[in-house]
Amino acid sequence: MKGGRKNLKRAVEEENLTLKDGHSIMQVVSLRGSNLIEVMDAQGEKSLALFPAKFQKSMWIKRGSFVVVDASGKEKVVESGSKVACIVSQVLFHEQVRALKKSPEWPEIFKSAVPDGCKASLQGDTTSQQEENELDSSDDDGLPPLEANTNRMKPVDWKSDTESNSDSDTGS
């Protein structure tokens, strides 16, 4: 087996991450398909990045995820006319993001950013969310926060006619 996927899981388990020259932290803005993603850098500029095939079946990213990108030759690539400006070198998971937010390497623009999954849950009932936040703060247990499933609609509460049917059955 080549070095592509062999040491991938071992690299993910490392919590301490040091950025090399030319590497930067970027946030995923959208997924374009066919291994292309749109990312936003620390200056707020959007560009296309290549998601290598070695990550395909072992790591998944979504909108709002953070990745480490090799953007060392970005200026030369953009000048030559290519649309893909950089290559993803590592996907950051919750524990790594939490550790990096405390370090000076984390970009200021991402410190106030709220992931898209959390924005959808913020639009719901605020009183029930405040109650949930009070409950969550008491029993943190060191687990990452659960994100709202944006793929499903909220279930509609239909009132059943079983009460009216049961009344009509007893009357006859």
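This is a predicted model: local features need pLDDT of at least 70, side-chain atom pairs count only at pLDDT 80 or more; totals for chains, interfaces and linings use all residues.
Tutor: Residues are numbered from 1 along each chain as its sequence is written, and side-chain values use heavy atoms, with hydrogens and water left out.

Student: Why is the aromatic pair of F51 and F55 called tilted?

Tutor: Rings of Phe, Tyr and Trp (its six-membered ring) pair if their centres lie within 6.5 Å; planes under 30 degrees apart count as stacked, over 60 as edge-to-face and the rest as tilted. The centres of F51 and F55 lie 5.5 Å apart and their planes make 35 degrees, so the pair is tilted.

Student: Why does F51 count as buried?

Tutor: Buried means under 20% relative accessible area, exposed over 50%, and partly exposed in between (1.4 Å probe, protein chains only). F51 has 9% relative accessibility, so it is buried. F55 is buried as well, because its relative accessible area is 1%.

Student: What makes the pair of F66 and W106 edge-to-face?

Tutor: The centres of F66 and W106 are 4.9 Å apart, and the planes stand at 65 degrees, which is over 60; therefore the pair is edge-to-face.

Student: How do you know that F66 and W106 are buried?

Tutor: F66 has 8% relative accessibility and therefore counts as buried. W106 is buried because its relative accessible area is 2%.
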